[in-house]
Structure formats: structure tokens, C-alpha cells
Amino acid sequence: MSEDADAPGNPGETYQAQSRAARMTSRAAQEHLSKEQHYLGGGLDCELLAVYPYFCNLHVFGPARIRGLVSGGGNILFAQPPEIACHATSGYHRSRVIFPHEARYIFMPPTHRLSQVLEAPFFGPGNYFPYANHAPAIQGDWRAAAARGEPILKPAADIARAYADFPAQLRAAFDYLFAKPHPAGPRPRYGDYTGCEITEELIDGQQVRCRQIVRQLNHTEEVLLRAVQRLDSGDISLHLEHLTSPKRSRYLRTGTVDDDSPDMCIVKHGILDAIARLEKRYSAGNPT
């Protein structure tokens, strides 16, 4: 969380934030949260929640159901695990979406790119920092669009098709990235890491030789995203693991390439990022 995440703010700001939050209980509501403290005690059920710019802080103490969460760097602290169908962030601002798990708080990485979730007027190339000239940025007049009744989120069917090509993309990436020898693990225990490795996985009580594509995030906490392909059968599994928590209480999820649950969309988002990074590394002549 940012240093000012718990700053109390003056009573007027708090009242404004609470009044604004009270209007967000309708499932069809679309609300833009500005650079303030926002406290919501009765829960949240909404179609779209957009939290930006930086240092916008939202605290949700009740149950939360959000179809689309779009964040440009704000802090969002949930007192209960939320139901978030899709979570998109801009390329250079990464939100801190925190919720409890096993008496600890864990971080929710993005599930989608902005272009997979938002209609075209509401995202574009970033130009805030030299290294982010081509990164996606949150843009557009959201308030005016909402007042006119214009859609900001893409239709649910379009978002559901966001990863329709993922199985084919992933299989092609395995074949391309492993065209040359690769080192066996282990990967770094902590820190940002992208790689592809030959490993052995314990599957159904047996050690199975596999190849895997890895994206390890170092943001708020360490989160490991893996796509693992068995060498004997070619079957692929997806894995999400939060490394910061003690092993016995870690948040662990496993799925298939056809699983479009939010947890597996987190893995797909990260693995596609890993593939892009690795292909760039290959093109520079350094595949390992």
C-alpha cells in the first residue's frame, strides 16, 4: 500500500467519499473515483469500478461483486475476498488490490489488458514516462460517457472471448521457445523473473519431466505464474502461487488452458507477457 493509504483526510472529504460510495450499490452503476480516500462499509455490487489516478484509496468492508475493475495505480483494500470477474491495469501503473487469505493479505494481479476489457475511447498509448511511451494508458471522458449512457466496458461476450486463442498461442510458444536447449531450474526464489525451463513435476505421485514458461511478479508480494507442459503427453496445466505466504497457507490455484476463471486469467495474462518478453530475448540472440 502507499504511504498515504491510511491517511484519515478531513471530515468533508470523508463525507464526500462515503456519499459517493453509497451511490455505487446499484449493479448498473458506473463510478469514477478521484484522488481521495473512499470508505465503503455496506459492500459493493457494480458493473464497473474505475480507480485512478495514483493515490486514490478505496477501503471496502462488506462483500464486493465487481464485473470490471480498472485501475491506474490506486490502492484497494477488501475486508473480504471479492468477486472480481476481470481486473485490468495500465502498463506503467499497477494497482494494489489486496484481500485476506489465511489470516494474511494477498495481492490480486491483473486478469486482462485494457484493450480486452474497455471500449476503444477509454485506453490508448501512454506518454507519462519515457519508458512507457507505448504502454496502454487509461484515458477518455468517463463521466461524460456514463452520463450519456455510453458503454465503457466491452460486452460480456467479447470479454469472455479475450483468451479464445490462448491454447493455440501457448502451444506455438512452447514449440518456438524450446527450439534450443534450456537450463533446468531452479528459478530465483524472489524477485521479478521471466524464463522457460526444463523441470520435473510431481504428478499423480510420479516425477514427470516437463517444460514450463514462468512469469514471477515482484509487486506488493511475489506471485508465481506458470504454464507447464508434460513432455510425455503434451498436456498443459496452469498454476498460480503466492510465494510470500508460508507454504502451508499459500494461495494456490491450478487449471487448464480452457479455464477462464479469474485466477486462470491472471495466469494467462502473465504467461502472454512472459512469451512476449522471451520472444524479444530470442530475437536479441539470448534465449536463456
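This note comments, in numbered points, on the predicted model shown above.

1. Basis of the note. The model is predicted: local features need pLDDT of at least 70, side-chain atom pairs count only at pLDDT 80 or more, and totals for chains, interfaces and linings use all residues. Residues are numbered from 1 along each chain as its sequence is written, and side-chain values use heavy atoms, with hydrogens and water left out.

2. Overall make-up. The chain contains 6 helices and 16 strands; helices (H or I, at least four residues) and strands (E, at least two) are DSSP runs, numbered from the N terminus. Of its 288 residues, 51% count as buried. Here buried means under 20% relative accessible area, exposed means over 50%, and partly exposed lies in between (1.4 Å probe, protein chains only).

3. Surface and contacts. The accessible surface of the chain is about 14100 Å², and carbon and sulfur atoms supply 52% of it. Such areas come from the Shrake-Rupley method with a 1.4 Å probe; for residues, only the protein chains shown count as cover. Among contacts (heavy atoms within 4.5 Å) with a separation of 6 or more, 42% are between residues 24 or more positions apart.

4. The surroundings of Arg-67. Arg-67 belongs to strand β5 (residues 64–71) and is buried, at 16% relative accessible area. Its side chain makes a polar contact of 2.5 Å with the side chain of Glu-47, and it also reaches the backbone oxygen of Lys-154 at 2.7 Å. A polar contact is a pair of N or O atoms within 3.5 Å; within protein, one must be able to donate a hydrogen and the other to accept it, and residues adjacent in sequence count only if both atoms are side-chain atoms. Beyond neighbours within four places in sequence, the residues in contact with Arg-67 include Cys-46, Ala-85, Leu-153 and Ile-159.

5. Cysteines. How many disulfides does a search of the whole structure find? The search finds 0, a disulfide being a pair of cysteine sulfur atoms within 2.5 Å. For Cys-265, the closest cysteine sulfur is that of Cys-86, at 8.5 Å, which is too far for a bond. Cys-265 is buried at 4% relative accessibility, and Cys-196 is buried at 5% relative accessible area.

6. Salt bridges. Side chains of opposite charge can pair when their charged atoms come close. The whole structure holds 13 salt bridges, each a side-chain nitrogen of Lys or Arg within 4 Å of a carboxyl oxygen of Asp or Glu. One of them joins Asp-273 and Arg-215 (2.9 Å, N to O). Because Asp-273 lies in helix α6 (residues 262–283) and Arg-215 in strand β13 (residues 206–219), this pair ties together parts that are 58 residues apart in sequence. Asp-273 is partly exposed at 29%, whereas Arg-215 is buried at 4%.

7. Asp-263 and Arg-253 meet in a salt bridge at 3.6 Å, N to O. Asp-263 is in helix α6 and Arg-253 in strand β16 (residues 252–255), so the pair links parts that are 10 residues apart in sequence. Asp-263 is buried at 18% relative accessibility, while Arg-253 is partly exposed at 33%. Asp-232 and Arg-230 form another salt bridge, at 2.8 Å, N to O; Asp-232 is exposed at 54% and Arg-230 is partly exposed at 23%.
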